[in-house]
Amino acid sequence: MKQYDFVLIGCGLFNSVLAERISNILNKSVLIIEKRDHIGGNCYSEIDKNTGIEFHMYGTHIFHTSIKRVISYINKFAKFNSYRHQVLSSYQNKIYQMPFNLETINSFYKKNFSPDDARKYMKEIIQKDSFQNPKNLEEKAINMVGKELYEAFIKNYTSKQWGKKPIDLPSSIINRIPVRFSYNEDYFNNCEIQGIPIDGYKKLFDNLLLNKKIKIILNTDYLKIKENKFKPKYYTIYSGPLDRLYNYKYGKLEWRSLLFKKKILRKNDFQGTSVINFSDIEKKYTRIHEPKHLHPERKKIFNSNKTLIIYEFPTQDNSNPYYPINTLENRRLHRRYKILAAKQKNFLIGGRLADYAYYDMDMTISAALKLFDRISKKITRAL
Ligand SMILES: Cc1cc2nc3c(=O)[nH]c(=O)nc-3n(C[C@H](O)[C@H](O)[C@H](O)COP(=O)(O)OP(=O)(O)OC[C@H]3O[C@@H](n4cnc5c(N)ncnc54)[C@H](O)[C@@H]3O)c2cc1C
């Protein structure tokens, strides 16, 4: 059996960037082993056969960044369209803009505030209900936006998303709830670039993994193959969850998961935008995605009389991990597994699953490029 220079476990964004760098810059061979039947990990997109609409299989992914190194890297592999992301939230059958801005405040409180009026008003209502030492997510959120906005937009949405009441969630889950005192509704307005790859995420991954020195094996769980079957010359790089790698020796890390239900409609446009959040508790789903809005430049598909909508339901399913549950206990547990990984010879870890962290795509790319720098130094020194 051929010995590869590197064996990469998982074909998500983290390892795809590493495979690209290792093959193109170091001229070394790479074997990627992927459990799923496709490349691209959670960023994967595909074309729905019935409608021709490209959709993101694991939830809408908007590329956005201001990291210079990531911009110059990703531009070599994809061109981005001019999509600007806007977040809308449905509460009692009315749509409001997110993050909270002047339009949300005026529309919710039925006012016509100027920026200064709104600032003053929000300060007063926040002071009215604020907690001196917020003990949980609910108290922290009320301190940031006041009780009424919290109850309308955050309380039930958070309960559905995390499967727990906000009073039972640690305040550390939220850092900041942005409130804009302007009508700016561009969600990533402070990012240098944002958009969707014009040819889709699948094509972006095809471009990253083009080098003939990269071999990909799909439908193969690394943890179910014989140890040492694919021993590389240099490193194994693992991008899956650490608890599973060590057979849950210290216990299970908790994750929130998502379930998606697709529906095709015989109409041009269902909701007029790519994603709407639903904050009412009666609606079990948290979002409806309508992916045709991500590619308005694909005019024929965009104007067709069919659309695809996808309902998103949060679930607790550790076998399909999406969001780490960032409690102190989980972080401690993860640290113990990390110590085990650090002791393994010629073994490296990274990516959102192994690091038990929520990384946006730009952070994932940045982390992969940094790991590549380390590997590259070691390999070139050894040669
Ligand atoms: C719902 C959701 C929406 C998001 N939206 C955005 C967004 O709008 N913008 C943005 O910038 N970021 C977004 N992200 C973040 C983005 O998805 C991540 O940054 C990116 O997917 C991380 O890549 P990764 O390679 O670390 O992990 P993954 O994409 O999870 O790839 C890991 C791969 O490893 C494989 N694997 C695991 N264990 C094994 C094993 N034992 N054997 C073989 N293969 C294995 C998995 O099958 C998977 O394919 C979103 C994330 C989620 C969950």
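Which residues are closest to the ligand, and how many surround it? I looked this up and found 34 residues around the ligand, with Gly-10, Gly-12, Gly-41, Gly-240 and Gly-351 the closest. A residue is near a molecule if its C-beta atom, placed from the backbone, lies within 6 Å of it.

I noted that this is a predicted model, where local features need pLDDT of at least 70, side-chain atom pairs count only at pLDDT 80 or more, and totals for chains, interfaces and linings use all residues. Residues are numbered from 1 along each chain as its sequence is written.

Next I sorted the shell around the ligand: 16 residues are nonpolar, eleven polar and seven charged. Here Ala, Val, Leu, Ile, Met, Phe, Trp, Tyr, Cys and Pro count as nonpolar, Asp, Glu, Lys and Arg as charged, and the others, Gly among them, as polar.

I then checked where the shell comes from. At least two of its residues come from each of helix 1 (13-24), helix 11 (351-354) and helix 12 (361-382). Helices are DSSP runs (H or I, at least four residues), numbered from the N terminus. Domain 1 (1-39 + 209-251 + 326-383) and domain 2 (41-86 + 187-198 + 255-317) each give at least three residues to the shell. The domain bounds come from an automatic or database domain assignment.

Last, I looked at the domains. The assignment also gives domain 3 (101-173). The C-alpha centres of domain 2 and domain 3 lie 27 Å apart. Their contact (C-beta atoms, placed from the backbone, within 7 Å) takes eight residues from domain 2 and nine from domain 3. On the domain 2 side, I found two nonpolar, four polar and two charged residues.

Definitions and conventions
Two residues are in contact if their C-beta atoms, placed from the backbone, lie within 7 Å.
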